[in-house]
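Let's take a walk through this one, from the chain as a whole down to single residues. Keep the viewer open and follow along.

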Amino acid sequence: MSGSHFPLYRHYRAAHAAVDKSGGSRYHFTMQNTPVDVLTLTHAHATARLGLVHRVLRVRHLTEAAFVVRIERNDVPATAGQCATLGVHGSGINREYSMYAGELDDYFEFLVRVVEGGQVSTELQRCQPGDQVDFDGPYGQFIIEQPRDPARKYLFIATGVGIAPYRSYIRSYPQLDYTIVHGVRHLSECYERDEYPPARYRTCVTREDGGDFRGRVSDYLRKQPPAPGTICYLCGNNAMIAETYDILRAHGVPGDQLFAEIFF
Ligand SMILES: Cc1cc2nc3c(=O)[nH]c(=O)nc-3n(C[C@H](O)[C@H](O)[C@H](O)COP(=O)(O)OP(=O)(O)OC[C@H]3O[C@@H](n4cnc5c(N)ncnc54)[C@H](O)[C@@H]3O)c2cc1C
């Protein structure tokens, strides 16, 4: 995968623009000249609402650099795993954030990591209940097609706040048979881990002991291939997704059982 990380991200941005014009269909792109038939980095716009203003209901500060912002739902329909763009009202800058709440919750939530020097994440961190945010969405195809099929097993692989869409799935579809593999630097980044049954939540911690595995998710997955038939989701940073994608393919996971969403 070397050399393909940044093109992947640019492809995502290109896909975003292309789908805007086409009205939204799955976007296919290539990784090292191999068609990647399943990475769903597109934004389907059929249900997106533009230019909305939602009030902040609550902010949960989980660590110094991560928080959950809860905003009004205002009856906007969304499918678990989709994202929206948010920004402080009137700032003129929005960024994408994945749904953290469930489909049926009467609010939206977003799990945000504060990026040092970042424009939007730092502004959102200062939000207080009653403040307003600009909202466009929902967008995206990083969803579960048949969440109620009991025969399906899911492996949800994330780094950092990439766990957000998985919490959205799990809240929306309580019967899902899933395992999360969560890569973090420190245990404090295992955000709201009590919500996941311990047997379904595996931590890969790079900078301290105390997790289930000391090291990166890619190292873990090299040693722990998913059971045949498992549907694998990847979410987080570009480098992790590119590396993990190749590892899973080498383990024999078919392309049509791999889905990915790149955050940065
Ligand atoms: C589909 C999609 C869903 C996303 N969902 C989430 C989400 O649920 N939660 C969340 O926190 N972010 C999410 N992001 C990332 C988010 O959109 C912003 O990029 C992020 O909040 C930084 O924005 P900013 O304006 O603060 O920083 P900027 O001013 O845009 O960027 C500063 C720099 O930091 C880099 N950067 C961006 N994100 C990170 C990061 N997480 N860690 C380290 N460096 C980074 C950027 O590439 C840029 O170079 C998502 C992105 C996409 C494309």
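Start with how the chain folds back on itself: among contacts with a separation of 6 or more, 64% join residues 24 or more positions apart. Keep in mind that you are looking at a predicted model. Its secondary structure amounts to 5 helices and 14 strands, and 43% of the 264 residues in the chain are buried.

Now for the inside. The largest nonpolar core has 68 residues, and those touching the most other members are F110, F156, I157, I180 and C232. This core lies between domain 1 (5-40 + 142-262) and domain 2 (49-139), because both give residues to it. Pick out F110 if you want a way in. Setting aside neighbours within four places in sequence, F110 has contacts with V68, V69, L86, Y97 and Y100.

Next, the ligand. Which residues are closest to it? They are R95, G118, V120, S121 and F264, out of 20 residues that surround the ligand. Sorted by class, that shell has 11 nonpolar, 5 polar and 4 charged residues. Three elements each supply at least two residues of the shell: β6 (95-98), β7 (107-113) and α2 (119-125).

Helix α3 (residues 164-172) is mostly covered, with 8 of its 9 residues buried. The buried ones are A164, P165, Y166, R167, S168, Y169, I170 and S172, so charged R167 shows up in that list too. What lies over them includes β6, β7, β9 (153-159), β10, β13 (231-236) and β14 (258-262). Here β6 and β7 turn up again, having also supplied residues to the shell around the ligand.

Buried residues in α5 are M240, I241, A242, E243, T244, Y245 and L248. After the helix comes G252, with a positive phi near 100°.

N74 is not a glycine, yet its phi is positive, about 55°. D75 is another residue other than glycine with a positive phi, in this case near 60°. D75 has 7 other C-beta atoms within 10 Å, so it is exposed. For an omega to check, go to the peptide bond from G137 to P138: it is cis, with omega near 0°. P138 lies in strand β8 (residues 132-139).

With 19 other C-beta atoms within 10 Å, G87 is partly exposed; the cut-off for buried is 20 or more. G87 and V133 are 46 residues apart in sequence, but their C-alpha atoms are 5.5 Å apart in space. Leaving out residues up to four places away in sequence, G87 touches I93, N94, R95, V120, V133 and D134. Two of these, R95 and V120, are also among the residues closest to the ligand.

Finish in the loops. R193 belongs to the loop between β10 (177-184) and β11 (201-205), and it counts as partly exposed, with 15 C-beta neighbours inside 10 Å. T203 is 10 residues from R193 along the chain, with 9.8 Å between their C-alpha atoms. Further on, the loop between β11 and β12 (213-214) contains G210, which counts as exposed with 10 C-beta neighbours inside 10 Å. Not counting residues up to four places away in sequence, G210 touches L187 and V205. G210 and H186 are 24 residues apart in sequence, and their C-alpha atoms are 9.3 Å apart.

Terms used. Residues numbered from 1 in each chain as written. Predicted model: local features only at pLDDT ≥ 70, side-chain atom pairs only at ≥ 80, totals over all residues. Buried ≥ 20, exposed ≤ 12 C-beta atoms within 10 Å, placed from the backbone. Helix = DSSP H or I, 4+ residues; strand = E, 2+ residues; numbered from the N terminus. Near = placed C-beta within 6 Å. Core = buried A, V, L, I, M, F, W, Y, C linked by C-beta atoms within 7 Å. Domains from an automatic or database assignment. Contact = placed C-beta atoms within 7 Å.
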